[in-house]
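Hi,

Here is the model I promised to pass on. Have a look at it first, and my notes follow below.

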Amino acid sequence: MASPVTGVSRRACLVSLATPAAWLVAPAQAHAGGQLEEPLMDSVRTALSSAIANQAPPEPVFFTTEARIHYLRWLGTMSDRLRRRKPEWEVRRDFLQTVWYESKRAGLDVSLVMGLIQVESAFRKFAVSSVGARGYMQVMPFWTRVIGDGDPGKLFHMQTNLRFGCVILRHYLDRERGDLFMALGRYNGSRGRSPYPDAVFGAQRNWQFSEKPAAA
């Protein structure tokens, strides 16, 4: 299906975003697909609702000095890479700190979540896709009814959007028994097809940080 803004196919947009520098000049429209609303068992609904409702502030906690230094070096490196998208330091810091916190909280690789955000919204807080997905992680509004308080407007709040997105991706990863390729496809509403997972894996390389903390 061609984009109404650029006239190119959605597949072409996803493939181009997978290249290391393409996201810097990505068009303003969000090219995300949408998660599909599926029946949830009561136990799953309760668990997801609980995960969303926990409003702990996004303050990373470190048990060693080495771990904190590792985080600060990661923050500095990622801040430099994100500067062209978010010029203000305070905005970059708050965004990166929240991505780190919510990714770790959901047991997800931070670079994977950053890659997903790059592909989904190009780091735009108020992005809306053609199917109605919203915010950084392009969360479908029905999730606020299924596991939230029913207010889709909150998906434009940074931490709320990142919280929903990470919890939903974790849910899909659990459903696919750890198969990240299939989980990403499910997140995009294109389960079993390769363009979207390949785009996220390509974008993930832009946000990998090789330094290992000296102590766990």
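Helices (H or I, at least four residues) and strands (E, at least two) are taken as DSSP runs, numbered from the N terminus. On that basis the chain has nine helices and zero strands, and the pattern along the sequence reads α-α-α-α-α-α-α-α-α.

Some housekeeping: this is a predicted model, with local features needing pLDDT of at least 70 and side-chain atom pairs counting only at pLDDT 80 or more, while totals for chains, interfaces and linings use all residues. Residues are numbered from 1 along each chain as its sequence is written, and side-chain values use heavy atoms, with hydrogens and water left out.

Of the 216 residues in the chain, 49% are buried (under 20% relative accessible area, with exposed over 50% and partly exposed in between; 1.4 Å probe, protein chains only). Taking contacts (heavy atoms within 4.5 Å) with a separation of 6 or more, 63% are between residues 24 or more positions apart.

Now the aromatics. There are 11 aromatic pairs in the structure. Rings of Phe, Tyr and Trp (its six-membered ring) pair if their centres lie within 6.5 Å; planes under 30 degrees apart count as stacked, over 60 as edge-to-face and the rest as tilted. Tyr-71 and Trp-74 are a stacked pair because their ring centres are 5.9 Å apart and their planes are at 25°. Both sit in helix H3 (residues 65–82), three residues apart, so about one helical turn separates them. Tyr-71 is buried at 3% relative accessible area, and Trp-74 is buried at 4%.

What does a buried Arg-92 do without a salt bridge? Its side chain reaches the backbone oxygen of Lys-86 at 3.0 Å and the backbone oxygen of Pro-87 at 2.8 Å. The nearest side chain of opposite charge, Asp-80, is 5.7 Å away, where a salt bridge needs a side-chain nitrogen of Lys or Arg within 4 Å of a carboxyl oxygen of Asp or Glu. Leaving out residues up to four places away in sequence, Arg-92 touches Ser-79, Leu-82, Arg-83, Lys-86 and Pro-87.

Cheers

Definitions and conventions
Lys and Arg count as positive and Asp and Glu as negative; His and the chain ends are not counted. A polar contact is a pair of N or O atoms within 3.5 Å; within protein, one must be able to donate a hydrogen and the other to accept it, and residues adjacent in sequence count only if both atoms are side-chain atoms.
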